[in-house]
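Hi,

Here is the structure I promised to pass on, with my notes below it. Please have a look when you get a moment.

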Amino acid sequence: MPFNDLFAGSAISGTGMSAERLRMEVIANNIANANTTRSANGGPYRRQDVVFEELLGAAAGPFGGPDLRGVVAVERVEDPTELPRVHQPGHPDADAEGFVRMPNVQLPIEMVNLLTATRAYEANLRAAQTFRQMNEQALVLLRS
């Protein structure tokens with residue numbers, strides 16, 4: 001087993017934690033802009049999501065399958081769903097009929113996504129901690 005493959009499990013957990021951390025940041029940004037009717041591009045804020053992709057090594061895996069190296073966030077995408085119209089005649093961004101286009105952020109969905117991202121981050125963290133504990137036990141056995 002090459003020395004670089006010795007810590008592959010820890011590296012895979014690291015890529016998962018990094019990707020999930022970015023996902024949590026994007027979700028937090030969505031929640032923070034849930035009522036933003038003027039964004040930098042002029043219109044209401046559009047919900048964003050993160051697209052993940054698997055990292056594959058150049059060689060075949062140990063059992064002939066793909067050589068999995070983790071996950072990476074490849075891009076942020078905007079949610080193309082329609083922006084809801086809310087009747088708020090006193091709002092500064094209201095049209096002539098008193099309707100305002102609001103962001104397509106739904107807080108319950110964002111909270112569920114945040115919870116799943118947190119759980120995925122914790123699972124990767126737990127896997128990395130278990131890997132470290134196994135290595136420490138192996139070193140103790142080698143010393144005795």
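Helix α2 is 25 residues long, and its first and last C-alpha atoms lie 36 Å apart, close to the 36 Å expected at 1.5 Å a residue. Do keep in mind that this is a predicted model.

Now for how the pair is arranged. Two packed helices are described by the angle between their axes and the distance between the axes. For α2 (residues 8–32) and α3 (residues 107–143), the axes come within 9 Å and cross at roughly 160°. Because angles over 145 degrees count as roughly antiparallel, α2 is roughly antiparallel to α3. The crossing of α2 past α3 is left-handed. Sorted by class, the contact between α2 and α3 holds 14 nonpolar, eight polar and four charged residues.

Which residues of α2 are buried? They are Ser 13, Thr 15, Gly 16, Met 17, Ala 19, Glu 20, Arg 23, Met 24, Val 26, Ile 27 and Asn 30. In α3, the buried residues are Glu 110, Asn 113, Ala 117, Asn 124, Ala 128 and Phe 131.

Gly 14 sits in helix α2 and counts as partly exposed, because its relative accessibility is 29%. Its C-alpha atom is 8.1 Å from that of Gly 70, although 56 residues separate Gly 14 and Gly 70 in sequence.

Asn 35 belongs to the loop that runs between α2 and β1 (48–60). Is Asn 35 buried or exposed? Its relative accessibility is 63%, so Asn 35 counts as exposed. Leaving aside residues up to four places away in sequence, Asn 35 touches Met 102 and Pro 103. There is also Asn 104, which is 69 residues from Asn 35 along the chain, with 9.3 Å between their C-alpha atoms.

Finally, Ala 58 lies in strand β1. With a relative accessibility of 91%, Ala 58 counts as exposed, since the cut-off is over 50%. The C-alpha atoms of Ala 58 and Leu 68 are separated by 9.6 Å, and the two residues are 10 apart along the chain.

Best wishes

Terms used
Residues are numbered from 1 along each chain as its sequence is written. This is a predicted model: local features need pLDDT of at least 70, side-chain atom pairs count only at pLDDT 80 or more; totals for chains, interfaces and linings use all residues. Side-chain values use heavy atoms; hydrogens and water are left out. Axes are lines fitted to C-alpha atoms, for helices over the stretch in contact, and angles run from 0 to 180 degrees between N-to-C directions. Helices (H or I, at least four residues) and strands (E, at least two) are DSSP runs, numbered from the N terminus. Angles under 35 degrees count as roughly parallel, over 145 as roughly antiparallel, 65 to 115 as roughly perpendicular and the rest as oblique. A crossing is left-handed if the near helix is turned anticlockwise from the far one by less than a right angle, and right-handed if clockwise. Ala, Val, Leu, Ile, Met, Phe, Trp, Tyr, Cys and Pro count as nonpolar, Asp, Glu, Lys and Arg as charged, and the others, Gly among them, as polar. Buried means under 20% relative accessible area, exposed over 50%, partly exposed in between (1.4 Å probe, protein chains only). Contact means heavy atoms within 4.5 Å. The expected span of a helix is 1.5 Å times one less than its number of residues.
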